[in-house]
Amino acid sequence: MAKLPTLSSQFIAVSGGMDLTTPPIVKMASDAIVAMNVQPKWGGGFTRIDGYECLDGKFVPSNMKYCGLSVLETVPDELKGKQFRINDTICYVLDVKEHLFVVAYYDRLSINVNETFFVEGSSFTLLVPPHYLTDDIEQHHKYQAMAIDIGIANVTAPNGDGNLLGVVELDDQVIVFRNTGDTCRVYISDEITGWKEANETYITQLSNITNIDSLLDNATLNVGNEDILCYSCNISPDNLSGFIVVDQYLEANSDIFLNGSRIATVSESHKVTLTKDLCWKFIYHNFYGGVDSNYAYGCNGSEAIEVRRDGIIIPIAIGNLGEPLYISEHKNHLFIGFRGGLLGHSQVGYPTKWSSFLGSEQFWLGSEITALTSLSGGVLLIGCRNKSLGLYGSTLDDWQLKQIASVGISPNTLQSLFIPVAISKNGIIRIDSTEQFGDFLANELDANQKLGNIINLNISYSASFPELNQVRFYSKNNVHICVMFLPDGTTRVTEFSYPQTLNGVWRTPYNCYFAFNDGRLYRNSDKINSFNGYPINWTVRLAYNHCGGPHIIKHWKYAEIQSTSSNYLTFKFQYSLDYNSAKQPNSVITQEQIRGSGGNWNESLWNEFLWSAESYSTPIIPLAGYSKNISFLFSGNSNYSPNFEITGFTLNYIIRRYQRV
C-alpha cells in the first residue's frame, strides 16, 4: 500500500533585521533582504516606522478628531467641505449623509443632545451624542486621516524665509531659529498665533564698575526710572569693566544703580544678533542647579549661545577662539570644539564665562574635531577626522588626553545609548569600555557585515531613540538607517525613506524634530500613521527559505502568519520561488487582513477594546507551486492604516523529491 505524503511544518521567528551580504543558501530565514519603512521590534519582528507631522503652537494635527453628528433635519450635499462653529470649536464637514454630518474638530467638542447649531445659515438639532462611525473600521480610519489632513493644512511656519536652522524644546515650549532679513531670528510656539517672535536681548558694555558683588546673573537693576533684568554678566579680570546681557537697550553713559547705589556706567549697548544661514547644534544641561534652569546650549559655526525659556538668547563670550562647531557638557563644564582642532571649556558651573584667568582652558588636538560627547565612565569622547580621543580627569588641574582609536568619526554621526555609536571610515563602530578601568576600545558592529555598501550613504544627521534602543542615521540621499541595539551587543537594522528631503534633525529630551524645505516644523510621532499626510509605503521581503534542504523540492501548501495590529489592517502578500527564477512564476498579489486589540479588557485600555477582534492575529494564506525555496513579501501603502507587528510564520509543505540535475 502506497504511503501518503506527510505534511511538514517549520516555524520561523522573524528577527526584525536585514542581511544583505550573506550568501542566500546560508542566510537565516528569519532575516529580511528588503526592510523599507519598517523598524525592528524589541523581542523580534517588524513594525512600521514612525510617522511625522508638522506642527506649531496652535495646531498639532494628531490632536484632530472626527465624529458623527446625527441630526433631525435632512443634510444637503452642498454642505460638504464647509466650516461652522459649535460653541468655541471650529468644525470642518468631511462628509454628509441623509441625517448625518461627519465633522473634524480640534482636541475637544462639547454639545448636548437637542442642542441646535447652524451651518451656512441653516439650523440643525442634534439627536444623539457625537459618536465615531465604527460600523466600517476602514472608513473610520479614513475619516481620521482626513481630519489630520485638515490639521496639517492649518499649520503655519514661523515668519522668515528658507529652512529652519535650529529647534530647542524647553518643557512644553518649542523654540525655533529661522532666517528673517539679514539675520537669524528666534520664534517661540504660541497657542493663539502659532508662532511669535522672541523678545530681543542686548549686550551692554560696562565701565567704571564700583561693586562687582552687585552684578549677578538674573539680578534686577535700575537705569533712570526703568527696571532692567540682567540675565548674565561677565566681568573682566581687572574688575573695572565687563558686559551684561539685559532685556532692553540702554543709552551710552547711563548710570546703573542697585538699591539706590551706582554700580557701573554704560559704555555702549547693542542688540544680540545671530548669523543667518548657519545650522545650529544643541545640548541640554542644568549648570545652575535650579528647578527652572535647565537650558539649551548651542553653536552654529559662528556663535555659541545659551537658550532660556521664551527664546531668551544669552551669547557665550568665546572671544577669538574661532568657529564653534561642536558642543557638549562634561564634568559641569561647557566644552566647545572649534574649527582647526581646538577644544575649549568654560569655567566649572558657569557655561557663559570663558576667562582663562578664572578656569577656562583650551587644547590643540592636531586634527579637526567631528564629535563630542560625555561618556558614563567620566570621560569626554572627542571624535576627530583621523582619530578618537578621550579626555580624562575632572578639572583643569588633572585633565589628560589619551587616544582611544586610530579611526576617526564622521561629522554628525556620534550618538550614545548605553554605548557610544558612530560612523567611521570602517563603517558603524561602537566605543566599548575594556576590562582595564577607564580605557575604551573602538569595535565594528555586526551590522557592517550585513549591510554592505548601504553604510556608505551620505549621512548628514543622526538621532538616538533611547526608549526604542535605536540610533537612526539620516542621509541626504533620502535612504535612512535604523539600528536597534540588543543587550548582547548585536544589532538589527532596517531602512526608511521620507517623501521629502531632510534639511535638519534635532533631538530634544522629549522629541525628535525635522526640517524640510517649506520652513515648517516637523515632529517624529508614533501617534500619526502617515508622513505628514503622505502614505507610508512599507515593504518586508524575507530571505529565501529552503527549510534545511536546499537540494529538496517541496510542494508548498500554506503559511500561517503571526501578526497583530492596533486595530484593523489590510496588507499585500506575495511569494516567489527558487530565488525568483524566470522558470518560476510569481504568485498573484493578495490582500490579507490583520485584526488586533482584542482579548483582555481592563481599566487601562477599555477605550481601545474591540469586541470582534482577536488578541493576536494568525491569518492563514494558501500557497502553491514546487521549488527548493520560497520567500515571502509583505507590503502596504496607506496614510491611515494603524501600526502592526509581524513576528513570525509557520510554513507548511510536503517533501516531494531530490532535485534532478
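Strands are DSSP runs of E with at least two residues, and helices are DSSP runs of H or I with at least four, all numbered from the N terminus. This is a predicted model, where local features need pLDDT of at least 70, side-chain atom pairs count only at pLDDT 80 or more, and totals for chains, interfaces and linings use all residues. Residues are numbered from 1 along each chain as its sequence is written, and side-chain values use heavy atoms, with hydrogens and water left out.

**View 1. Here's the open sheet of four strands, in the order S6-S9-S8-S7.** The pairing is antiparallel (two strands pair if DSSP finds at least two bridges between them). Look for S6 (64-70) and S7 (83-86) at the edges, each pairing on one side only. On average, neighbouring strands are turned by 40 degrees against each other, direction ignored.

View 2. Find Phe84, and you'll see Cys91 of S8 standing opposite.

**View 3. Helix H1 (residues 137-154) packs on the sheet.** H1 touches S6, S8 and S9 (100-106), where contact means heavy atoms within 4.5 Å. The direction of H1 makes about 125 degrees with that of S6 (axes are lines fitted to C-alpha atoms, for helices over the stretch in contact, and angles run from 0 to 180 degrees between N-to-C directions).
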